[in-house]
Amino acid sequence: MKVDVLLGLQWGDEGKGKVVDVLAPRYDVIARFQGGPNAGHTLEFEGIKHVLHTIPSGIFHPGKVNIIGNGVVIDPVIFKKEVDALIKMGVDISKNLFISRKAHLILPTHRMLDAASEASKGKAKIGSTLKGIGPAYMDKTGRNGLRVGDIEHSGFQARYDALVAKHTELLNFYHFENSITEYEKGFLEGIEMIRSMNLIDSEYEINDFLSKGKSVLAEGAQGSLLDIDFGSYPFVTSSNTITAGTCTGLGVAPSKIGEVYGIFKAYCTRVGSGPFPTELNDETGELIRKVGNEFGATTGRPRRCGWLDLPALKYTILLNGVTKLIMTKPDVLSGFKSISVCTHYIYEGRKIDHMPFDIVNNEVQPVLMEFPGWTLQGDGMNDASQLPKELSDYINFLETELGVPVVIVSIGPDRKETLARHPEFA
Ligand code: GDP
Ligand code: IMO
Ligand code: MG
């Protein structure tokens, strides 16, 4: 068997959590491979909304194995809150949640360093979620980090103290007061909880599942345009959010990657700073934000909204080797008289349809194409053949432009509001 991957093709928040939950019954194992609590993955079913940050979105399906892979960074405080909420809901995490020993820990001082770094940047700040993601990955690549497996060893406290001392020096350099005491209490409680959980060598376990014919779905976090290498650097996150991140974040070989589901909204959003060629700083942008409830699932910040960006989508489809597309949230645009799509950029006076090296200092202007809007009444719809003609035409146009089939269309936040565009997904 191979690992199928589901990841976001834009700047995050494409609806990954919802769709992983929908696809989970088809898989034996669901695994997160990168990112950490900067992610907010929303699931809705039976009238209840859940937001997951570190835990894979297959967790509500009894009998499915959920793995937090080695590429993930874990904040024990946030993780404990997530676990406590799941236990309250009756989810038996002792049977279906597993954590890689090689996943790195986010220390309370990593959060402080994130805040200090952002404050020092002033207007040039990244707009980080302030969850300590950048500093934790810096310690990982700097070979200073602490891993989940370290908590099983007696030297953990000494190594923790040494790293905190190093961070305190750095915070002094930033003239940033180290006020972690309260958070540190929660951190130590979280560590105790993690110590009592299923800690595994996930690279062996996942490959074992594959060789026994079990199916695995890898769940991406953030979006490809936030990738550390290919996103709009430096306004990116600190991990590889693309398919390649699955290999390093789970320990599976490239030859073991199967389908790659690329998920995108019918429009675009971005939260935090950085270039956004199709951003709408007008009433239309406001309307999309309001109707689409475009406010961060992790930070509550308003998301910036704009039209769909095809040069950006073509770029991320290429980087990820996307084999199947999933579209979400066309319902948000229901009732719009017309919809626009960016087909090209004007860059240095030329019309292009690729992503140039630098769109941070050298802006691109979007070339827009207009489509008639649609009115969507989702009630009673069973599959995508019942979608209004205008929306079907829009999707057909995208398929032709992007060269990849759109197999699922999501038309609402609930599990049930999901339409198949291919019999395989009925
Ligand atoms: P993720 O980070 O990719 O999992 O996405 P988020 O959960 O951060 O943001 C997606 C938001 O859109 C959540 O509030 C979802 O409940 C919601 N959502 C997902 N799919 C749809 C859809 O098709 N239509 C509408 N209206 N909302 C959706
Ligand atoms: P999900 O998985 C949207 C953005 C932040 C900021 C940049 C760097 O829910 O799609 P970081 O905290 O990672 O150092 O922030 O990345 N960002 C996200 N935006 N969805 C996310 O995750 C994000 N995770 C990080 O807003 O611009
Ligand atoms: Mg999100």
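**View 1. Aspartate 92 and lysine 95 form a salt bridge, with their closest N and O atoms 3.2 Å apart.** A salt bridge here means a side-chain nitrogen of Lys or Arg within 4 Å of a carboxyl oxygen of Asp or Glu. Aspartate 92 is partly exposed at 36% relative accessibility, while lysine 95 is exposed at 63%. These words have cut-offs: buried is under 20% relative accessible area, exposed is over 50%, and partly exposed is in between (1.4 Å probe, protein chains only). Before we move on, please keep in mind that this is a predicted model, in which local features need pLDDT of at least 70 and side-chain atom pairs count only at pLDDT 80 or more, while totals for chains, interfaces and linings use all residues. Residues are numbered from 1 along each chain as its sequence is written, chains are lettered from A and ligands numbered from 1 in the order in which they are written, and side-chain values use heavy atoms, leaving out hydrogens and water.

**View 2. Aspartate 21 meets arginine 415 in a salt bridge (2.7 Å, N to O).** Aspartate 21 sits in helix H1 and arginine 415 in the loop between strands E19 (406–410) and E20 (418–420), so this pair ties together parts that are 394 residues apart in sequence. Helices (H or I, at least four residues) and strands (E, at least two) are DSSP runs, numbered from the N terminus. The structure holds 23 salt bridges.

**View 3. Lysine 314 and aspartate 353 make a salt bridge, their closest N and O atoms being 3.4 Å apart.** The pair links distant parts of the chain, 39 residues apart: lysine 314 belongs to helix H11 (residues 310–320), and aspartate 353 to the loop between strands E17 (350–352) and E18 (365–372). Both count as partly exposed, lysine 314 at 24% and aspartate 353 at 35%. Elsewhere, salt bridges that share partners join Asp13, Lys265, Glu294, Arg303 and Lys329 into one network.

View 4. Aspartate 13 is in the loop between strand E1 (3–8) and helix H1 (16–23), and glycine 40 in the loop between strands E2 (29–32) and E3 (41–45), so the pair ties together parts 27 residues apart in sequence. Aspartate 13 is partly exposed at 22%, whereas glycine 40 is buried at 12%.

**View 5. Ligand 2 is surrounded by 21 residues, with Lys16, His41, Thr129, Gln222 and Thr237 the closest.** A residue belongs to these surroundings if one of its heavy atoms lies within 4 Å. A polar side-chain atom of lysine 16 is 2.7 Å from an oxygen atom of ligand 2, and a polar backbone atom of aspartate 13 is 2.8 Å from an oxygen atom of the ligand.

**View 6. Ligand 1 has 19 residues around it, the closest being Gly15, Lys16, Thr42, Asp331 and Ser410.** An oxygen atom of ligand 1 is 2.9 Å from an N or O atom in the side chain of lysine 329.

Definitions and conventions: A polar contact is a pair of N or O atoms within 3.5 Å; within protein, one must be able to donate a hydrogen and the other to accept it, and residues adjacent in sequence count only if both atoms are side-chain atoms.
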